[in-house]
Amino acid sequence: MTKSLFFSVLSQKIFSDRIRGMKQCVFWLFLIFSTFSYAHPTSYEGGYSLMTEMHPDVQEISMIYSPKYWLGAGVVTMRAPDRFELVTSQIGWLVNRWNLSEAQGNFYLVGGLGYGNRLDENLQEGAVYRLGAQADFETRRIYTFLKYVEHRFTDDGSLLNNQLSAAVGFAPYLGEFDELNSWVIFKVVAQNEFNDFIYLPMMRFFYKNFLWEIGQDFKGNSQFNFMVRF
Amino acid sequence: MIKILLPLILFISIQAYGKDAVQTYSKVATVHGMVCAFCSSSLEKKFNKEKAVETINVDLKNQKVSVKFKKGESLSNSKLKKMITSSGFKVVSIDDFKQNSSNKNNNEE
């Protein structure tokens, strides 16, 4: 009951019809940061990343600390109304990074243990493990991203949730370090055993260590993400 | 006369050698992997915490990180390289720039 209450309150606070007033929206937007498509399992050395995903189909919050730029550790919580909710630890490992002239590529693995439960008619709950992989390659002009993550119950290995995300983007102009940078991003998310798809065109902006995205999926659901590293 | 000139010449030589050995006040590193300001902001944070650093400038177009030191301060090339690589980037080369001359010593890494 406590777990359900926690997720219920969290979902209501973050993305819900019960959020009243612009003041509360602004407060939570500044308090909880993230990006739906720019979430990296690690941050810079000694840095923290507090990330959220705010979409009607699924909400996710994760907090990651990186003692090294290739290692991240933290907690992830996810909720999909009427489908599932979970909270897990996460260890992220930057397996390899390719630092090229005018390009960078990354490959990550993630894993963790936690607790999850279904919110549909099955009502299964118990310990879950999280496994996933993520890769990205970008230049100053082009961005590509691919991520797969799944959660399974430890007792019987049955699937609680899985999600495959892919994104491409381009920069209409090349901004310098101390200028506003803009990107046009198109992302596709397949979830719920690939039965549900979200198609999400977005505009991404970042200035130094602030990043924000705005977009709307093909069902008319708007999305706004904000991220800052500190 | 020689007794006066010899120490004077010696003194001037030592001063000239000392000038060549003056600490450098800025360094410019060529860095690979810096493709966006958001990713590179970690460099600014890291270097601004360093006491010897006065300013840092990240040039994404030319793939350069310029570090200007406070007067009398400096960081070794190995320390500089370590700070950049521990941020997740690759250092290709580091150039030293001295304050009072245009001498430029290339140090290939």
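A: With the idea of contact: two residues are in contact if their C-beta atoms, placed from the backbone, lie within 7 Å. Keep in mind that this is a predicted model.

Q: How many residues of chain B are in contact with chain A?

A: On the chain B side there are 18 residues, in contact with 23 residues of chain A. Helix α2 (residues 37-48) of chain B gives the most to the side that touches chain A, with 5 residues. By class, that side of chain B has 7 nonpolar, 9 polar and 2 charged residues.

Q: Which strand order does the sheet in chain A have?

A: The order is β1-β2-β3-β4-β5-β6-β7-β8-β9-β10-β11-β12 in an open sheet of 12 strands, with antiparallel pairing. Strands β1 (47-54) and β12 (222-228) of chain A are the edges, each pairing on one side only. From one strand to the next, the twist averages 20°.

Q: What does the pairing of β6 with β7 in chain A look like?

A: Strand β6 (residues 125-139) and strand β7 (residues 142-153) of chain A pair in the antiparallel sense over 11 bridges. Gln134(A) stands opposite Lys147(A) in β7(A).

Q: Is Gly72(A) buried or exposed?

A: A residue is buried if 20 or more other C-beta atoms lie within 10 Å of its own. Gly72(A) has 25 within 10 Å, so Gly72(A) is buried. This residue is found in strand β3 (residues 71-80) of chain A.

Q: Which residues is Gly72(A) in contact with, leaving aside neighbours within four places in sequence?

A: Among them are Pro41(A), Thr42(A), Ser43(A), Ile64(A) and Gly92(A). The C-alpha atoms of Gly72(A) and Tyr44(A), 28 residues apart along the chain, are separated by 9.2 Å.

Terms used: Residues are numbered from 1 along each chain as its sequence is written. Chains are lettered from A and ligands numbered from 1 in the order in which they are written. This is a predicted model: local features need pLDDT of at least 70, side-chain atom pairs count only at pLDDT 80 or more; totals for chains, interfaces and linings use all residues. Two strands pair if DSSP finds at least two bridges between them. Helices (H or I, at least four residues) and strands (E, at least two) are DSSP runs, numbered from the N terminus. Axes are lines fitted to C-alpha atoms, for helices over the stretch in contact, and angles run from 0 to 180 degrees between N-to-C directions. A residue is buried if 20 or more other C-beta atoms lie within 10 Å of its own, exposed if 12 or fewer, and partly exposed in between; C-beta atoms are placed from the backbone. Ala, Val, Leu, Ile, Met, Phe, Trp, Tyr, Cys and Pro count as nonpolar, Asp, Glu, Lys and Arg as charged, and the others, Gly among them, as polar.
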